[in-house]
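Please read the points below beside the model itself.

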Amino acid sequence: MQEDKLQERLNSVWNGWVIDGVLGEGSYGKVYRIKREEFGHVYESALKVISVPQSKTEIRSAIAEGMDEESAKTYFYSVVKEIVEEFTFMSKLRGNTNIVSYEDHSVVSDKEEIGWDIYIRMELLTPLPEYFNNNPLSIRSIVKLGIDMCQALELCRRYNIIHRDVKPENIFVSDIGNYKLGDFGIARQLEKSSGNMSKKGTINYMAPEVYKGEKYDATVDIYSLGLVLYRFLNNNRMPFLPPYPQPLLYNDKEKANIMRMAGNEIAPPCNANGKLAAIILKACAFDAKDRYQNAEEMKRDLLSILNDDRTNDSVEEKQLKSEPIEKNGSLEKTDNPTEEVVSAPKNKGAIKVSNTQQGKSNSKKVFVIFLTIIVLALTGFFGVKMYKSSQECKVPKVIDMTVDEATYLLSTDKYKITVISSKEEYSDEIPKGHIISQSINDGETAKKGTQLSVVVSKGRLCKVPQLVGLERENAQKAVEGVGLQYKENEEAFSDTVPEGDVISQDYAEGAELEEGSIVTVTVSKGKEMAVVPNVEGLAAEEAEKKIKAAGLLVELSEEYSDTVEEGKIIRQDLEANSSVDLETVVKIVKSNGKQPVTNYNTTSKSSGNSSGKKKSGDIIWEEVD
């Protein structure tokens, strides 16, 4: 895309930003420097421009593989969608010291043809290959690279992100020398739009299990980082390549990758020995279980090299010999630079001089001696000043760095300052583990060997929100929204709190906790219910026990029954197996057996009279059992 057309597009996307030159060009797009002026200040960013598909040839290839135009459009749109999904990861990692800071993006569709242009605005950084071409490449700088990349991978792990594309082209350097990891899967997604839809991409830094299509985990990023460090510690040559400065043949790289994927043992890099070589080889282990299982372990070992006096030879500042590192990561054979040696001419014999010449010579000698004395005096004066200056340094800003980062930076020959963590404080602005303040302000002069006290952030204090009565989903959002972690106890019954709502919380509303602390809640299972047991036909005593064991009350009555044996339950008023509230009364009826039969006889008797004689016709009732 021509720059004038791109500037026109840029004006419609982010008005005010102006293109200020091309920073680089890769296989998937160009990167530009852009700037914006506001109130006398100039702001700079990097603009990455990616087109999907990258050419009309890709559209023709898709159609040749059996797609119609609509299917091809759907396919390429899905690629764009997946790239945009990668920005979600980038936005989560924004603002971290060792991650390229994503600022914004925009997707513009082509109204006439199949195609989309993706504009990504990022912080302006120097690509690693370019940085190492213009700066001394030392073992110490490579160890620092490894430490910074481990910290980047620690952040990835925190968000369950596997980068899968760790290589020099995706590593950048900030103005203060921090190494940053970028390009979270964008190139990997763009491979899907290229050629015959099955392109695998470069395997130079790919772990064997990824290449073979096997199951893999985050250790593949450790493997790739190990190869990056190996290359820079091996005169810019990957494992199994002919040693520098032997020339590389066409198929050398292919053979090297085949040997690596087959699991052949990798020799230590030529510029690493002892513990450093062991770290690199462990990271590059063919079997994933033999590698570092997380970036924290690898970082700890790399830091131990810097802090161990016995291994100072392993992290010296001397410049390493190496082939130049091209921006596209390729290797080329070049001659070594040679030093120009200037030698004095040899004396071929004495030269005869006249007295006059000798007098002039003596005068010159006196002048030279006088001049020499002055020069020596001045040299001594300025030498003292230069020596004094060499023992001093301007203290850099370490605020917002981690203690490890500050320790590494200040331990270099430029500063030789010891970092002491004096205390920890809470901070709403500075992340946990990063430096809040320093005892000597940046820019001030200090003697080398000075101790610099720093205050380290304990993270921010987060207020616990009110959770009781909230639905569990809303409670979790409320807890995580203030920077705390949500956890549930076993559920409990409640007569007043509906099922799924929070009954109680272990910290009261308004309590202040460290960021990341766990808040535990108990969620309601709803009102506890009882199941009515079936007691018909049971002995009354057994029936009562069974009902009470279910958490219910009993009301017993009795009646005769021709069918139910005496002492057993005839019926119950609540249906068996139905759910009712606890302590509900269950009415049961006990059988008294069959009802007794009563016979009545009538006898005709005389009514009594005054004379005691009964009169004929009187009825006398007698109960006969």
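The numbered points that follow take these topics in turn.

1. This is a predicted model, in which local features need pLDDT of at least 70 and side-chain atom pairs count only at pLDDT 80 or more, while totals for chains, interfaces and linings use all residues. Residues are numbered from 1 along each chain as its sequence is written, and side-chain values use heavy atoms, with hydrogens and water left out.

2. The protein chain averages a pLDDT (the predictor's confidence in each residue, from 0 to 100) of 80, and 78% of the residues score at least 70.

3. Where pLDDT is low, the predicted coordinates should not be read in detail.

4. The second largest pocket has a volume of about 850 Å³. Here a pocket is an open set of points on a 1 Å grid over the protein atoms alone, where a 1.4 Å probe fits, with protein on both sides within 12 Å along at least five of seven lines, and lining residues have an atom within 4 Å of a point; the volume is the space filled by probe spheres set on the points, which are joined across faces, edges and corners. Of its 28 lining residues, Leu155, Arg158, Pro431, Lys432 and His434 lie nearest the centre.

5. The lining divides into four nonpolar (Ala, Val, Leu, Ile, Met, Phe, Trp, Tyr, Cys and Pro), 13 charged (Asp, Glu, Lys and Arg) and eleven polar residues (the others, Gly among them).

6. Helices α5 and α13 pack at an angle of about 170°, with their axes 12 Å apart; the axes are lines fitted to C-alpha atoms over the stretch in contact, and angles run from 0 to 180 degrees between N-to-C directions. The pair is therefore roughly antiparallel, a term for angles over 145 degrees. Arg140, Ser141, Lys144 and Gln151 of α5 make the contact with Asp404, Glu405 and Tyr408 of α13.

7. The peptide bond from Val52 to Pro53 is cis, with omega near -5°, and Pro53 lies in the loop between β3 (41–52) and α2 (56–64).

Conventions:
Helices (H or I, at least four residues) and strands (E, at least two) are DSSP runs, numbered from the N terminus. Angles under 35 degrees count as roughly parallel, over 145 as roughly antiparallel, 65 to 115 as roughly perpendicular and the rest as oblique. Contact means heavy atoms within 4.5 Å.
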